[in-house]
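Colleague: Could you open the model for me and walk me through it?

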Amino acid sequence: MVHDHDHSDDHGDHHHDNQYSDMQARVKALETLLTDKGLIDPAAIDAIVDTYETKVGPRNGAKVVAKAWSDRAFAEWLKADATAAIASLGFAGRQGEHMRAVFNTPECHNMVVCTLCSCYPWAVLGLPPVWYKAPAYRSRAVIDPRGVLQEFGFSLPDGVKIRVWDSTAELRYLVVPLRPVGTEGFSEEQLADLVTRDAMIGTGLALVPEDIR
Ligand code: FE
């Protein structure tokens with residue numbers, strides 16, 4: 001087994017983001033109230049949440065990755081001080097304060113989890129998907145990352161090492177996937193279209209140009 005766990009040393013300090021839980025509870029209560037009064041349709045809410053999980057939210061991160069792919073100086077900055085580099089593009093705020101960007105290489109694939117709760121870089125990825133918060137992903141991502149990736153529909157060559165990063169409330173990770181081949185001459189905007197949410201969590205790879213044609 002070639003992956004190594006990269007649990008942060010201070011995991012004992014890891015605390016659940018209680019404000020988030022309170023917020024979730026309040027949102028749930030509000031949703032129930034509004035549904036009972038016939039003011040909202042839960043299906044419509046689900047559609048909105050899905051939009052923020054998969055479309056609007058992760059677009060910020062996609063812009064960060066696309067810029068790193070096209071601008072070497074920005075990539076170096078992102079590597080050295082992700083929080084500042086990301087903030088320079090206007091993406092900052094709650095749960096995006098302490099960011100670290102981890103770059104995939106042909107030899108090493110990075111994958112992000114929060115084993116204790118659901119820490120997630122909201123500023124660049126939006127709302128976490130349901131599976132990210134599920135106990136099955138949180139435990140298996142560290143025990144059997146290769147198996148998890150297979151369930152997400154891809155496998156890495158045997159020689160590629162998988163590095164699993166355990167998020168905390170203090171430090172959140174953004175995976176910078178490998179730039180797909182055949183994208184020479186792509187604009188940042190075109191590149192961003194290839195960057196999926198899952199690619200930035202490490203449970204996917206960037207799309208190739210053929211995927212979006
Ligand atoms: Fe967490």
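Modeller: What follows is a short chat about this model, topic by topic. This is a predicted model, where local features need pLDDT of at least 70, side-chain atom pairs count only at pLDDT 80 or more, and totals for chains, interfaces and linings use all residues. Residues are numbered from 1 along each chain as its sequence is written, and side-chain values use heavy atoms, with hydrogens and water left out.

Colleague: How many helices and strands does the protein chain have?

Modeller: The protein chain has 12 helices and five strands, taken as DSSP runs numbered from the N terminus (H or I, at least four residues, for helices; E, at least two, for strands).

Colleague: And what share of the residues counts as buried?

Modeller: Of its 213 residues, 43% are buried, where buried means under 20% relative accessible area, exposed over 50% and partly exposed in between, with a 1.4 Å probe and protein chains only.

Colleague: Which residues touch the most other members of the largest nonpolar core?

Modeller: That core has 49 residues, and Val 64, Leu 78, Ile 86, Val 124, Tyr 137 and Leu 174 touch the most other members; helix α3 gives the most to this core, with six residues. A nonpolar core here is a set of buried Ala, Val, Leu, Ile, Met, Phe, Trp, Tyr and Cys residues joined through side-chain atoms within 4.5 Å.

Colleague: Which residues are buried in α3?

Modeller: Among them are Val 64, Val 65, Ala 68 and Trp 69. The helix covers residues 56–70 and reaches 22 Å from its first C-alpha to its last, close to the 21 Å expected at 1.5 Å a residue, that span being 1.5 Å times one less than the number of residues.

Colleague: Switching topic, what coordinates the iron ion?

Modeller: The iron ion is coordinated by Cys 114 (SG), Cys 117 (SG), Cys 119 (N) and Cys 119 (SG), at 2.1 to 2.7 Å. Donors are N, O and S atoms within 2.8 Å of the metal (3.2 Å for Na, K and Ca), and water is not among the atoms, so sites may look incomplete.

Colleague: Are Cys 114 and Cys 117 buried or exposed?

Modeller: Both Cys 114 and Cys 117 are buried.

Colleague: Last one, where does Arg 100 lie?

Modeller: Arg 100 lies in strand β2, residues 99–103, and has a relative accessible area of 39%, so Arg 100 is partly exposed. Arg 100 and Arg 172 are 72 residues apart in sequence and 6.2 Å apart in space, C-alpha to C-alpha.
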